[in-house]
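Please read them with the model open.

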Amino acid sequence: MRNHLIAQLLASFVLALATLAPGPMLAQTERAQPAVQNSSASFIGTVVTATGSVTIEHPSAVVVQAALSDQPPQAKVGDRVYLGDVVQTGADGRVGINFTDGTSFNLSSNAKMAMTEFVYDPNGKSNSTLFKLANGTFTFVAGNIAKTGDMKIDTPAATMGIRGTTPRIEISDDGTVRFATLVEEGKSKLLRKPATRAAPQPEQNTYHRFNPNICRGC
């Protein structure tokens, strides 16, 4: 009688374990899903073209996810760009970004750009932006901020004030900067910043064919 009672108790215990086990086991086998919390970062643009290796770092975003990679994910068409983001392309990468004021940027391979400042009010007259270009080739069409406020492009050699122009900027690995105005030449101004070494003069007499991939207002 005692052995029968013990056997029943053991059977009940095993049945209870079998009932409880699937939950924890399932929790361990399911792939961790990302949880993106609301961020105070301001939305300023959208990726409209992306080929090859293109990444966008979001320093202001709050992301919670298990087993995250050390590398940011590859950017794709439709991804949003926020104030403070850093866009970078690899050796085979190219990306086009449209900003909310109508400015359009094309970044070629091995390029890096940081969105340091972006203030835009369609009805305002004190709009401003500052994009920091580290290296690579950039072609862009200036939007409403250049016409209604203060648009600046920072490079290793100089800070450029843009007034409704369509420039092309090439920054070499050694910090050499080549600047060309594709249309409306003479409306841009150059603001030099102090440097510890002699910085090469941006070339004003070099012209390049306009890049048709730039899209305004897409």
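1. Terms first. Two strands pair if DSSP finds at least two bridges between them. Strands (E, at least two residues) are DSSP runs, numbered from the N terminus. Residues are numbered from 1 along each chain as its sequence is written, and side-chain values use heavy atoms, with hydrogens and water left out. This is a predicted model: local features need pLDDT of at least 70, side-chain atom pairs count only at pLDDT 80 or more, and totals for chains, interfaces and linings use all residues.

2. Strand 10 spans residues 127-141. Eleven of its 15 residues are buried, so the strand is largely enclosed by the rest of the structure. Buried means under 20% relative accessible area (1.4 Å probe, protein chains only).

3. Antiparallel partners come next. Strand 8 (residues 104-107) pairs with strand 10 over four bridges; there L107 stands opposite F138. Strand 9 (residues 112-119) makes seven bridges to strand 10, with V119 opposite S128. Strand 13 (residues 167-171) is joined to strand 10 by four bridges, and T139 has R168 as its bridge partner.

4. Strand 11 (residues 149-154) runs parallel to strand 10, over six bridges. K132 stands opposite D154 here.

5. Now the loop between strand 7 (94-99) and strand 8, where T103 lies. Is T103 buried or exposed? T103 is buried, at 2% relative accessible area. Its side chain makes a polar contact of 3.0 Å with that of D101. A polar contact is a pair of N or O atoms within 3.5 Å; within protein, one must be able to donate a hydrogen and the other to accept it, and residues adjacent in sequence count only if both atoms are side-chain atoms.

6. Leaving out residues up to four places away in sequence, T103 touches I97, N98, V141, A142, G143 and M151. Contact means heavy atoms within 4.5 Å.

Terms used
Buried < 20%, exposed > 50% of the residue type's maximum accessible area, 1.4 Å probe, protein only.
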